[in-house]
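Morning, everyone, and thanks for coming. I'd like to walk you through one model today, so let me put it on the screen.

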Amino acid sequence: SCILIWMDGGPSHYETFDPKPNAPSEIRGQYEPISTKVPGVFFSKHMTRLAAIADKLAVVRSIRHEQGNHGAGNHYMMTGAPTRIPVGCGAFVSFHPSLGAATAAERGSNNGLPPYFSIPQMSRSGGPSFLGAKYAPFVVPDNPSNSNFRVRDVTPPRGIGDERSQRRRDLRAQVDHFLRISDKAAGDPVTGLDEYYEQGYNLMASKEAQKAFELASEPDKVRDSYGRNPLGQRALLARRLVEAGVPFVT
């Protein structure tokens, strides 16, 4: 499984993993290098925790692209393919499936959980493109640091029991007379909607899915170690989703 922490724009490499101590001040910035667990490898001075475990991680320095702005660069890095046409810096485009969507299509789902999650929003170019809506990410926008944290669409609305929920499903089936085109090449949106509904039903019926979202079941010591803030608790939620069998979380 993969947890992708996508920093849109992000800090510069010479202020994180590749300090330039011998460069002029206007290039090297204000941060000094520090030693890491790996001899001869230096990180920027604020990367103390990562420096302490540098022997357990890999800094990949060979990834690059020739796109001229963040919009095109995001697409290239999230999909592995350049954009078909020039796009602007703030573009939110999806000419090709994202890494998460491709993983979802190959790996499928487990325990009723969607195979691809985005927390707290879908990243730019993070969509499924021609793979179809079935492989779009399940977005968790809610703040998990709130005491009343509850993921929408994971459980039926309050007051709606199993029997009433089933009656609603049956009623929808009776009034739904849309034509379905089963050929995947058609990209039928009605078929995509059916898949969304089925995914939602499976999610609400899955005990494993419900358990994955129960951050309150984590010991206080663990929750405190992640930080009692939205960023820290989202990281904890991502870990729990991966442990529950979700192949890709970003």
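Let's begin with what covers the buried residues of α3: the cover includes α4 (99-107). Buried here means under 20% relative accessible area, with exposed over 50% and partly exposed in between, using a 1.4 Å probe and protein chains only. Helices are DSSP runs of H or I with at least four residues, strands are runs of E with at least two, and both are numbered from the N terminus. For packing, contact means heavy atoms within 4.5 Å.

Before I go on, this is a predicted model: local features need pLDDT of at least 70, side-chain atom pairs count only at pLDDT 80 or more, and totals for chains, interfaces and linings use all residues. Residues are numbered from 1 along each chain as its sequence is written, and side-chain values use heavy atoms, leaving out hydrogens and water.

Back to α3, residues 70-79: seven of its ten residues are buried, so the helix is largely enclosed by the rest of the structure. Among the buried ones are Gly71, Asn74, His75 and Met78. Asparagine 69 caps the N-terminal end, with a side-chain oxygen 2.9 Å from the backbone nitrogen of glycine 71. After α3 comes glycine 80, with a positive phi near 80°.

Now, which residues have the most contacts inside the largest nonpolar core? They are Leu113, Phe117, Val140, Phe213, Leu237 and Leu241, in a core of 20 residues. A nonpolar core, by the way, is a set of buried Ala, Val, Leu, Ile, Met, Phe, Trp, Tyr and Cys residues joined through side-chain atoms within 4.5 Å.

Is arginine 240 buried or exposed? At 11% relative accessibility, it counts as buried. Its side chain is joined to that of glutamate 218 by a polar contact of 2.8 Å. By that I mean a pair of N or O atoms within 3.5 Å; within protein, one must be able to donate a hydrogen and the other to accept it, and residues adjacent in sequence count only if both atoms are side-chain atoms.

Last stop, α6: its buried residues, among them Val190 and Tyr201, pack against β5 (138-139), α5 (162-175) and α7.
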